[in-house]
Amino acid sequence: MAATLAPAGKSYAELLVLYSDPDTCPAEALAPVPLAQEPAFVSWQQDIPRVYLEMSPEELDHRIAAARARLGSKLVILGHHYQRDEVIKYADFTGDSFKLARHAAEQEGIEYVLFCGVHFMAESADILTPEHVRVILPNMAAGCSMADMADPDDVYAAWDEIHEVLGEDARIIPVTYMNSAASLKAFVGERGGLVCTSSNADRALRWAFERGEKVFFFPDQHLGRNTGYAMGIPLDEMVLWNWRLPMGGTTPEALRKAKIILWQGHCSTHQRFTVEQIEKARREHPGVHVIVHPECRWEVVQAADSYGSTEKIAKTIREAPAGTTWAVGTEINLVNRLAKQNPDKTVFCLDPVVCPCSTMYRIHPAYVAWTLEAIVQGQVVNEVRVDPETRKWSLVALERMLELG
Ligand code: 13P
Ligand code: SF4
């Protein structure tokens, strides 16, 4: 069924305003429509051949299936849990960022990886696969706003400033969240640190504290704070580094006292969840279990019953007894899918507004059809390639993470 974009009668500019404001983003925002009708398309990759713009969801589905079949075992498609249903259905493997990185590293005999996720995930897949494997991101505009909050130059400057205060010999281990540029993964690899994801951040911090006295954690302040707190580090021993301010907006005393220096980055999708939403869910659904992603604010994670990576959220709900009710604090495409996959349970999103992660959502089926058909025609478009020097050190940091499990 070809859905039309609601509400009808609005101009393109009006729709853009409507859809980019979380308070007015309508439920129809998730209905499959041709690429040309996606209100945010103006800010997505534009050089896709025009023929793909007006293709209906059914035609795209048919073309993706045909190209997929032609490519056979040369190709593996990886799909992050936040992808839309029309895309995730083609994934050979789905998962959270850790599981997908592991799948990328384990593939043998393939030539192409189509990564249905965001740019930092495709970069990591390129680092973890042999040189000859071509990693493709269907829409090159699919980045991550949190990763963009850690500009490598700002991180290097912060590292130097921190060492100016604490001394060149200070034992600080840098830890970067997977949601970061490959150059930052290389930065931590070269300085005795490692990468972590939301599924192993506790193990990564423990690893780091076995080797140093302090951790410099970027870019997600919330994951760092939630993980540190769960390990017993009090809030006043975690200092926030505001990269917009001189000396990170902190003081030498606070830096000396801190066990963890947290970069002031966040995920806009997960910062939307609030304690008030949890209280409302508990009032309206007695006995509800609240589970959230650790990119949510500390007070939200404290108010929830449990938290974990997207894979852990999916597994927890899958394994829960029939008849239970789940209020979930993570991206809407995953929550809607969990509701469909668990018809014996009640599953709903804590946030009544349905805006998806706007960058994950950029993997529209038209881009998948285009990039796959290009491979069939002997061309590779949208390849993500990490330069050899960056690759060397970022691989060290990623392998340290993979060894943690
Ligand atoms: P997961 O590793 O839990 O899938 O998280 C990735 C992400 O970007 C969540 O916002
Ligand atoms: Fe980045 Fe947040 Fe989207 Fe995850 S949900 S990819 S952290 S913007």
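Buried, in this talk, means under 20% relative accessible area, exposed means over 50%, and partly exposed is in between, with a 1.4 Å probe and protein chains only. Helices (H or I, at least four residues) and strands (E, at least two) are DSSP runs, numbered from the N terminus.

Some ground rules. This is a predicted model, in which local features need pLDDT of at least 70 and side-chain atom pairs count only at pLDDT 80 or more, while totals for chains, interfaces and linings use all residues. Residues are numbered from 1 along each chain as its sequence is written, chains are lettered from A and ligands numbered from 1 in the order in which they are written, and side-chain values use heavy atoms, with hydrogens and water left out.

I start with strand 7, residues 214-218. Five of its five residues are buried, so strand 7 is largely enclosed by the rest of the structure. On one side sit K214, F216 and F218, on the other V215 and F217, and both faces are covered.

Which strands pair with strand 7? Two strands pair if DSSP finds at least two bridges between them. Strand 5, residues 172-177, runs parallel to strand 7 and is joined to it by five bridges. Within that pairing, I172 has K214 as its bridge partner. Strand 9, residues 260-263, is also parallel to strand 7, with three bridges. There, L262 of strand 9 stands opposite F217.

Stay with strand 5 for a moment and look at I173. I173 has a relative accessible area of 7%, so it is buried. What does I173 touch, leaving aside neighbours within four places in sequence? Contact means heavy atoms within 4.5 Å. By that rule I173 is in contact with G192, G193, W207, A208, R211, G212, K214, V215 and F216. K214, V215 and F216 are among the buried residues of strand 7. R211 is 38 residues from I173 along the chain, with 7.3 Å between the C-alpha atoms.

Next, the end of strand 7. F218 and P219 are joined by a cis peptide bond, with omega about -5°. P219 lies in the loop between strand 7 and helix 10, which is 221-230.

Now strand 1, residues 75-80. Six of its six residues are buried. L75, I77 and G79 point one way, and V76, L78 and H80 point the other. Strand 1 pairs in the parallel sense with strand 3, residues 112-116, over five bridges. It also pairs with strand 2, residues 93-95, again in the parallel sense, over three bridges. L78 takes part in both pairings: F115 stands opposite it in strand 3, and F93 is its bridge partner in strand 2.

On to the loops. H293 is in the loop between strand 10 (289-292) and helix 13 (298-303). Is H293 buried or exposed? Its relative accessible area is 3%, so H293 is buried. Not counting residues up to four places away in sequence, H293 touches a list of residues including Y82, Y177, H270 and T330.

Two residues have a positive phi without being glycine. One is M247, with phi near 55°, in the loop between strand 8 (238-241) and helix 11 (252-257). The other is N382, at about 60°, in the loop between helix 16 (365-376) and helix 17 (388-404). N382 has 11% relative accessibility, so it counts as buried.

Helix 17 contains R391. R391 is buried too, with a relative accessible area of 10%. Among the residues that R391 touches are D126, E131 and V386.

Now ligand 2. A residue is near a molecule or strand if one of its heavy atoms lies within 4 Å of it. Around ligand 2 we find Y82, C144, S145, M146, N179, C267, T269, H270, E295, C357, T359 and M360.

Last, the domains, whose bounds come from an automatic or database domain assignment. Domain 1 is 12-17 + 31-143 + 359-388, domain 2 is 147-268 and domain 3 is 271-349. The C-alpha centres of domains 1 and 2 lie 31 Å apart. Nine residues of domain 1 are in contact with 10 residues of domain 2. Buried area is the accessible area (1.4 Å probe) that two parts lose on being put together, summed over both. Between domain 1 and domain 2 it comes to about 720 Å², 64% of it on carbon and sulfur atoms.
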